[in-house]
Amino acid sequence: MMHGARMRMMFAIVDADGDGALSQTEVQDFVDRIFNAVDENTDNSIDREEIRSFFHGGADDTGE
C-alpha cells in the first residue's frame, strides 16, 4: 500500500483542476500520459521492450 505522502502527491498530480476529486477525464488523461510515455515508437501499443525500456531509464540510458 502507498504511504500517505506518496498517495497525496499522486492525487495532486492527477487532480488537474484541484477540486479534491478525480473525474473520469482526469484519470483518463493521466493514463494517456503514462501510455504515451511508454509507447516509444508511437504505434498505439506497448510491447515488453517498451515497458522494460521505460522502467530501466529508456533506450538512451548509459547506466551512469
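The protein holds 3 helices and 0 strands, and from the N terminus on its elements follow the order α-α-α. Helix α1 covers residues 4–14, helix α2 covers 24–38, and helix α3 covers residues 48–55. Confidence in the prediction averages a pLDDT of 90, and 86% of the residues score at least 70. Among the helices, the mean is lowest in α1, at 94, and highest in α2, at 97.

How much of the chain is hidden from the surface? Of the 64 residues in the protein, 14% are buried. The accessible surface of the protein comes to about 5300 Å², and carbon and sulfur atoms supply 56% of that area. The contacts can be described by sequence separation as well: among those with a separation of 6 or more, residues 24 or more positions apart account for 0%.

One part of the surface is a nonpolar patch formed by F11, L22, V27 and V31, which together have about 290 Å² of accessible area. Of these residues, F11 belongs to helix α1. F11 counts as partly exposed because its relative accessibility is 32%, a value between the limits of 20% and 50%.

In the whole structure, the search finds 1 salt bridge, and it joins the side chains of E49 and R52, with 2.6 Å from N to O. Both residues lie in helix α3, 3 residues apart, which is about one turn of the helix. How exposed are the two partners? E49 is partly exposed, at a relative accessible area of 45%, and R52 is likewise partly exposed, at 39%.

Aromatic side chains come next. The whole structure contains 1 aromatic pair according to the search. That pair is made by F54 and F55, whose rings sit 5.2 Å apart, centre to centre, with 85° between the planes. In general, a pair of aromatic rings is described by the distance of the centres and the angle of the planes. The F54 and F55 arrangement is classed as edge-to-face because its angle of 85° is over 60 degrees.

Most residues other than glycine have a negative phi. As for the surface, T42 counts as exposed because its relative accessibility of 64% is over 50%. N44 counts as exposed as well, at 64% relative accessibility.

Conventions. Residues numbered from 1 in each chain as written. Predicted model: local features only at pLDDT ≥ 70, side-chain atom pairs only at ≥ 80, totals over all residues. Heavy atoms only, no water. Phe/Tyr/Trp six-rings, centres within 6.5 Å; stacked < 30°, edge-to-face > 60°. Patch = residues over 30% accessible without salt bridge, like charges linked within 9 Å, V, L, I, M, F, W, Y side chains within 5 Å. Areas by Shrake-Rupley, 256 points an atom, 1.4 Å probe, with all protein chains shown as cover. Salt bridge = Lys/Arg side-chain N within 4 Å of Asp/Glu carboxyl O. Helix = DSSP H or I, 4+ residues; strand = E, 2+ residues; numbered from the N terminus. Buried < 20%, exposed > 50% of the residue type's maximum accessible area, 1.4 Å probe, protein only. Contact = heavy atoms within 4.5 Å. pLDDT = per-residue confidence, 0-100.
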